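Here are my notes on this model, point by point. Please read them with the structure open.

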Amino acid sequence: MADTIENLLHEARRFPPSAEFAANAVATAELYERAGEDRLGFWADQARELLHWHTPFAHTLDWSNPPFAKWFADGELNVAFNCLDRHVLAGLGDRVAIHFEGEPGDSRAITYAELLVEVKKAANLLTALGVGAGDRVAIYLPMIPEAVVAMLACARIGAVHSVVFGGFSSDSLRSRIDDAAAKLVITADGGFRRGKVSPLKPAVDEALQDGAHTVEHVLVVRRGGNDVAWTTGRDLWWHDELAQVSDEHEAKPFPAENPLFILYTSGSTGKPKGILHTTGGYLTQAAYTHRNVFDLKPETDVYWCTADIGWITGHSYVVYGPLANGATQVLYEGTPDYPALGRWWDVVAKYGVTILYTAPTAVRSFMKQGRHIPEDRDLSSLRLLGSVGEPINPEAWIWYREVIGADTAPVVDTWWQTETGGIMISALPGVTTLKPGSAQVALPGIEVDIVAEDGASVGADEGGLLVITEPWPAMARGIWGDPDRFVSTYWEQFATQGWYFAGDGARRDKDNEIWLLGRVDDVMNVSGHRLSTAEIESALVSHPLTAEAAVVGAADETTGQAHVAFVIIKDSQVDAAAAEDAAEILRQHVAKQIGAIARPRQVFIVAELPKTRSGKIMRRLLRDVAEGREIGDTTTLADTQVMSIIASTMK
Ligand code: WTA
């Protein structure tokens, strides 16, 4: 993203940790030393210190079959035991695990002891429904405590969850159910969104209507209170079933490489990939990063990560990291602006939130609304701020620190991906001198580089491709059902060196610190949601109106990037009014096919698309149009007139 580099020149302020913050910090510079001396020994120490192992491991890393890593493979643990039982056994059962804030204003404080009872019952229920170790469970729920309970219940019995974001359509849900051959779906009647009940169950019913699927039961949580259609024999009410099972359940250990979850994410081509994560290494890195990056003091902190559990951030930093660390956290169901702007800040004030982790797109929309809104609330409890999902531009970084963080709270910009499982690049708040706009350095234990296409490290003030050069504990163990695609997507580009290619461009500055520059492939980041242009193109092409479609990501002030589509309508000769209709029909069609988050900002109906002589669509030129720039070099086009025709259509 060009503006990131530009901003780099405009913001020269640096923010070292205050003496007080540094003196009390959880993470010290010593971590870099320990990891630097003996990386594997360092991770083994973290795994032993942060987790409870039923069977201790002797082997840290097995990298004999790259890129398929095995971490702590001869050890055994239970993820749910680590997140719940051991805290209760240590006398912390009365600590609040979750302060739930529903959108209508209902709230519930759930202690670790209470959460454990719920998870034990849910584990018994899943077992009674025939779900066993290794079976897949699809979870399609709003941001309610039952989502956490459902995930931990799966983990407890060794089942594999596949959480599907509640904003995805029935088609998206169905393809994920099919890909993983899920046995059970856990959903809700509906959840609250902007003052209304947004139903979820109909999408499940639609997804399962043709009967040719693997789902045996649908468990339905009552949340919205809305009427739902019912398939007798298949559908069961969560609360009815839980009332009938025992609240005793012993957490049995599983090998560290037992699968924990599948989470689907967009790649540059084809259908979404089911990224597979396992237990021991994943939980080690989730707990380690959550503790050190967020300076967590579990006795006193109130932590709030605003991500939905449907994304990786919700997995690692709402569920697994915080609970493994015995943290107290806020879980909020709704949107930031309902019933009024400032709702988030009311939540911060109500619970005395000390650590806030959110996305730059949220920060930018708060900037637009004006600083008087947060300034009207008491945000004095906040002491640390985190950012994730896309590059945070220096202006937003400074605003976040000044307005939300009272000009004192460190802002940690954390770079990572669904595939990395946990944070990889970030400042350590008590150690690093913060530099607005830069994600700065790899965490202790993580090795990254910025390289040219040939693999040579770039010099200071140069840009290149971000690679991860050594295996890490939370790394993806593969793509569900498609090991070859895992290799070809991430490991082929730098196969000789054996490096992981992240798909991000990055720049190294004079201090050897890292600036992320956005994706170098056709993956887009819209409001921190990852989607590929290819996915949206195929949704567009599936509509009878469409002859051909090309989608590009255009810079957007609030959402970071936005999708802009160029579509050729089959029966050409579309007059202007009809073109507008077609555009709207197609926008809705994409929302229906994939989910509202994928709806293009704009659909332009065009007569031609710019193509090279070999027939490749020149997206670069379309991006110029979408971003209102002067159109670049068109000499390689088969028909050099095309761009002026498109540009005139725009006007
Ligand atoms: C982008 C989200 C810049 C990046 C955790 C990556 C970021 C993709 C940052 C992964 C950041 C994430 N600065 N870019 N701090 N964090 N990204 O899988 O392009 O939803 O490849 O994981 O988001 O998105 P995903």
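**Notes on the fold**

1. Start with Asp295. At 2% relative accessibility Asp295 counts as buried (buried means under 20% relative accessible area, exposed over 50%, partly exposed in between, with a 1.4 Å probe and protein chains only). Asp295 has a positive phi of about 55° although it is not a glycine. Its place is the loop between helix H11 (280-293) and strand S16 (302-305). Helices (H or I, at least four residues) and strands (E, at least two) are DSSP runs, numbered from the N terminus.

2. Basis of the values. This is a predicted model, in which local features need pLDDT of at least 70 and side-chain atom pairs count only at pLDDT 80 or more, while totals for chains, interfaces and linings use all residues. Residues are numbered from 1 along each chain as its sequence is written, and side-chain values use heavy atoms, with hydrogens and water left out.

3. Overall build. The chain has 21 helices and 30 strands. Its radius of gyration is 24 Å, close to the 26 Å that the globule rule gives for 651 residues, so the chain is as compact as a globular protein of that length. The radius is taken over C-alpha atoms, and the rule is 2.2 Å times the number of residues to the power 0.38. Along its principal axes the C-alpha trace spans about 75 × 65 × 55 Å.

4. Of the 651 residues, 61% count as buried. Take the contacts with a separation of 6 or more: residues 24 or more positions apart account for 71% of them. Contact means heavy atoms within 4.5 Å.

5. Cores. Which residues touch the most other members of the largest nonpolar core? They are Phe294, Tyr320 and Ile404, in a core of 188 residues. Helix H7 gives the largest share of this core, 10 residues. A second, separate core has 19 residues, including Ile568, Val606, Leu609 and Ile646. A nonpolar core is a set of buried Ala, Val, Leu, Ile, Met, Phe, Trp, Tyr and Cys residues joined through side-chain atoms within 4.5 Å.

6. Ile404 and helix H16. Leaving aside neighbours within four places in sequence, Ile404 is in contact with Trp345, Leu356, Pro374, Leu379, Leu382, Leu385 and Trp399. H16 (residues 394-404) is mostly covered, with 9 of its 11 residues buried. Among them are Trp397, Trp399, Tyr400, Arg401 and Ile404. Just after H16, Ala406 takes a positive phi of about 50°.

7. The H6/H7 pair. Two packed helices are described by the angle between their axes and the distance between the axes. H6 (residues 112-128) and H7 (residues 145-157) pack at about 60°, with their axes 8 Å apart. Axes are lines fitted to C-alpha atoms, for helices over the stretch in contact, and angles run from 0 to 180 degrees between N-to-C directions.

8. Residues of H6 including Leu115, Leu116, Val119 and Leu126 meet residues of H7 including Val149, Leu152, Cys154 and Ile157. By class, the contact has 11 nonpolar, 1 polar and 3 charged residues. Ala, Val, Leu, Ile, Met, Phe, Trp, Tyr, Cys and Pro count as nonpolar, Asp, Glu, Lys and Arg as charged, and the others, Gly among them, as polar.

9. Arg530. Is this arginine buried or exposed? At 15% relative accessibility, Arg530 counts as buried. Arg530 lies in strand S27 (residues 529-532). Beyond neighbours within four places in sequence, the contacts of Arg530 include Ser266, Gln417, Glu419, Arg519 and Met524.

10. Backbone points to check by eye. A cis peptide bond joins Pro66 and Pro67, with omega about 5°. Pro67 is in the loop between strands S1 (61-62) and S2 (70-71). Another cis peptide bond joins Tyr338 and Pro339, with omega about 0°. Pro339 lies in the loop between strand S17 (328-332) and helix H13 (343-351).

11. Ala181. Phi of Ala181 is near 50°, a positive value in a residue other than glycine. Ala181 lies in the loop between H8 and strand S8 (184-188). At 30% relative accessibility, Ala181 counts as partly exposed.
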